[in-house]
Amino acid sequence: MAVTDEAPATTSWRVGAFTVTEVQEIPIAVGLLDGLIAQATPDVVLATDWMRPHYATETGQTVWDIHAFVIDDGANVVLVDPGCGNGKSLPLQPSWSDLDTPFLQRLEDAGYQREDVDLILLTHLHLDHIGWCTTKDADGRWVPTFPNARLVIVLEEYEHHLEQRDAPDDHTHDIVFEGSDPSLSRQLKLVWAETIQPMIDAGRVDFVSRNAEVLPGVSYQSTAGHTLGHHSIRIESEGESAFITGDFIHHPMQIAHPDWSSRNDWNVEESARSRRAFFEAAAGTDLLVLGTHFAGRSAGYIVPDGDGYRLVADKPA
Ligand SMILES: [Zn+2]
């Protein structure tokens, strides 16, 4: 059983004038991502005492989940990384394909109707970060889920995925999950058809450059490596700040071991460089770090710990 089964569907944090709320989509089945961070073997995970209970099982398997965040300053509602979505075709990850989750109900329970969402931000264009942009209507067409929302995408990330989508089909994903179809190009074409193209056709997409500020106090910040144009989200308000990681920190084991990249990172060296630079700057500060796939307690503060770092619940003194 995943630890996240016991977690509440929503959790909130205060960052100056902003409220940041986590909205669950699904726990990731324990074992599904074993090997994704090759060095994170059960013995090493067990030796990292702060992994349990949230980020690892008692037998040292890593624990992950998929959730979105809502950033709200009372005037604007910003949805970040809206999960896999319902009813999507995900042959690269069949266990997340054709989902039927109450994500929109959870969003409503957190106080947000579909109409309330003004902006959608994506740390990157992978299938588990973008799905709820669209839903199927009564005629089976993919249409925007949030009737008033603009989708703000970093242009270089978009262009990179467009290139991969159109690459020859021998361009396969580096890691093959059980039962999955490893053709990255085929998967990208499906994500494009079901999620990205309907948003473009509806005239909802705005492109921004690297490190763009999208609202006063909410910015994209380049954390390249997992993908070419990967960006995290920085929130600044009234002297407080927070940072939504996206997948440049895929699992908290990479906080303890910043050089351990993920096997599906686009560029493993760049990914490690991004983590090192971020941890060096964040360590010992009051920056609230919100992990996109961190299960259970998904936020904390970075402090130095041996050769690496540690995520702690309380602000460093
Ligand atoms: Zn992801």
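Let me start with Glu-238, which is exposed at 67% relative accessibility; buried means under 20% relative accessible area, exposed over 50%, and partly exposed in between, with a 1.4 Å probe and protein chains only. Glu-238 is not a glycine, yet its phi is positive, about 50°. You'll find Glu-238 in the loop between β12 (231–237) and β13 (240–244). For the labels, helices (H or I, at least four residues) and strands (E, at least two) are DSSP runs, numbered from the N terminus.

A quick word on the basis. This is a predicted model, where local features need pLDDT of at least 70 and side-chain atom pairs count only at pLDDT 80 or more, while totals for chains, interfaces and linings use all residues. Residues are numbered from 1 along each chain as its sequence is written, and side-chain values use heavy atoms, with hydrogens and water left out.

Back to the backbone. Asp-81 also has a positive phi in a residue other than glycine, near 55°.

The loop between α1 (42–47) and β3 holds Pro-53, and the peptide bond leading from Arg-52 to Pro-53 is cis, with omega near 5°. Glu-58 belongs to the loop between α1 and β3 as well, and it is exposed, with 60% relative accessible area. What does Glu-58 touch, leaving aside residues up to four places away in sequence? Its contacts are Leu-46 and Arg-52, where contact means heavy atoms within 4.5 Å.

Seven strands form an open sheet with mixed pairing, in the order β1-β2-β3-β4-β5-β8-β9; two strands pair if DSSP finds at least two bridges between them. At the edges stand β1 (10–15) and β9 (205–208), each with a single partner strand, so one side of each has no neighbour in the sheet. From one strand to the next, the twist averages 25°. Axes here are lines fitted to C-alpha atoms, for helices over the stretch in contact, and angles run from 0 to 180 degrees between N-to-C directions.

Inside that sheet, β3 (residues 65–72) and β4 (residues 77–80) run antiparallel and are joined by four bridges. Val-70 stands opposite Leu-79 in β4.

Helix α3 lies across β8 (150–154) and β9, at about 80° to β8. His-160 is part of α3 (residues 155–165), and it is buried at 10% relative accessibility. Not counting residues up to four places away in sequence, His-160 touches Leu-228 and Trp-266.

Next, the zinc ion. Which residues coordinate it? They are Asp-128 (OD), His-129 (NE2), Asp-247 (OD) and His-293 (NE2), at 2.0 to 2.2 Å. Donors are N, O and S atoms within 2.8 Å of the metal (3.2 Å for Na, K and Ca), and water is not among the atoms, so sites may look incomplete. The angles at the zinc ion span 85 to 166°, so the arrangement of its four donor atoms is irregular. As for the rule, four donors count as tetrahedral if all angles lie between 85 and 135 degrees; four count as square planar and six as octahedral if opposite donors are over 155 degrees apart and all others between 65 and 115; anything else is irregular.

In sequence, the zinc donor residues follow the spacing D-H-x117-D-x45-H. Asp-247 lies in the loop between β13 and α5 (253–256), and His-293 in the loop between β14 (288–290) and β15 (299–305), so this pair ties together parts 46 residues apart in sequence. Both Asp-247 and His-293 are buried.

Last, the aromatics. Rings of Phe, Tyr and Trp (its six-membered ring) pair if their centres lie within 6.5 Å; planes under 30 degrees apart count as stacked, over 60 as edge-to-face and the rest as tilted. By this rule there are 11 aromatic pairs. Phe-103 and Trp-132 are stacked, 5.3 Å centre to centre with 20° between the planes. Phe-103 is buried at 0% relative accessibility.

Phe-279 and Tyr-309 form a tilted pair, 5.3 Å centre to centre and 40° between the planes. Both belong to a cluster that ring pairs build from Phe-243, Phe-248, Phe-278, Phe-279 and Tyr-309. Thanks, everyone!
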